[in-house]
Amino acid sequence: MRKLVYYIGVSLDGYIAGPGGEVDFYPTPADYVAWMSAEFPDAMPTHIRPHAGVDPHLPARHWDTVLMGRGTYILPGEHVESPFQHMKQYVVSNSLSQADHPGVEIFAGDPVELVRELKQQDGLDIWLCGGGNLAGQLLGEIDEMIIKSYPVVAGSGVSVFGGVFQPTQFTPVRRKEFDNGAQVTWFERG
């Protein structure tokens, strides 16, 4: 069965983005970007791939489906209608119209039901791209997390998980550290 993988960047104080959706405050030196591009090319938006030396036609490696909330899909100042053309794209939103967003599938129902249906289909794993509110709704369905921890305090913004108090145990299974203090940690449910 396919897994739902929450792959996300997080500040030291638990924010995935600033109050306006900013993510440009994360320190990303060249060696980090090169490693991330090689390890997780699926997570690179299709239109950015050629600028980072990643083949835009590279087949999916980890994930062939991406799930995101409206706030992640429509980032201020850099909206792209179909950011991950190399994957099946779902946007969970009650306010967007499918007719206005033909490059993605708009889903207005219960995201838990959607994920359970997707897990039963053939294919690679499913990437939960964000945001925090959607991650909070899907916490019970997340099988694995890959957390990119950055040595920076944001102060406020979008929390890595929104929602109700729901302690859930995950076990760290691998960690990669970088000279600038960033870390990538793999967690499995359990």
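Start with helix 1: in this predicted model, Tyr32, Trp35, Met36, Ser37 and Glu39 of that helix are buried. The cover over those buried residues includes strand 1, strand 7, strand 9 and strand 10. These strands belong to an open sheet of eight strands, ordered 5-4-3-6-1-7-10-9 with mixed pairing.

**The sheet**

- Strand 5 (105-107) and strand 9 (170-177) sit at the edges with a single partner strand each, so one side of each has no neighbour in the sheet.
- On average, neighbouring strands here are turned by 25° against each other, ignoring direction.
- As a general point, strands of a sheet pair through backbone hydrogen bonds, either parallel or antiparallel.

**Strand 7 and its partners**

- Five of the six residues of strand 7 are buried, so the rest of the structure largely encloses this strand.
- With strand 1, strand 7 pairs in the parallel sense over six bridges, and Gly9 has Lys148 of strand 7 as its bridge partner.
- With strand 10, strand 7 runs antiparallel, joined by six bridges; here Ile146 has Trp186 of strand 10 as its bridge partner.

**Strand 10 and strand 9**

- Seven bridges hold strand 9 and strand 10 together, and the two run antiparallel.
- Trp186 turns up again here, as the strand 10 bridge partner of Arg174.

**Helices on the sheet**

- Helix 1 packs on the sheet, where it touches strand 1, strand 7 (144-149), strand 9 and strand 10.
- The direction of helix 1 makes about 35° with that of strand 10.
- Helix 3 (residues 111-120) lies across strand 1, strand 3, strand 4 (88-92), strand 5 and strand 6.
- Against strand 4, helix 3 runs at about 165°.

**Nonpolar cores**

- The largest nonpolar core has 27 residues, and Tyr7, Phe40, Trp63, Trp127, Ile146 and Val184 touch the most other members.
- At least two residues of this core come from each of strand 1 (4-10), helix 1 (30-39), strand 3 (63-69), strand 6 (125-130) and strand 10 (183-189).
- There's also a second, separate core of 24 residues, with Tyr6, Tyr90, Val115 and Phe170 among them.

**A closer look at Trp63**

- Leaving out residues up to four places away in sequence, Trp63 touches Val5, Tyr7, Phe40, Asp42, Ala43, Met87, Leu124, Asp125, Ile126, Trp127 and Ile146.
- Among these contacts of Trp63 are Tyr7, Phe40, Trp127 and Ile146, which are also listed with Trp63 as touching the most other members of the largest core.

Notes
Residues are numbered from 1 along each chain as its sequence is written. This is a predicted model: local features need pLDDT of at least 70, side-chain atom pairs count only at pLDDT 80 or more; totals for chains, interfaces and linings use all residues. Side-chain values use heavy atoms; hydrogens and water are left out. A nonpolar core is a set of buried Ala, Val, Leu, Ile, Met, Phe, Trp, Tyr and Cys residues joined through side-chain atoms within 4.5 Å. Buried means under 20% relative accessible area, exposed over 50%, partly exposed in between (1.4 Å probe, protein chains only). Helices (H or I, at least four residues) and strands (E, at least two) are DSSP runs, numbered from the N terminus. Contact means heavy atoms within 4.5 Å. Two strands pair if DSSP finds at least two bridges between them. Axes are lines fitted to C-alpha atoms, for helices over the stretch in contact, and angles run from 0 to 180 degrees between N-to-C directions.
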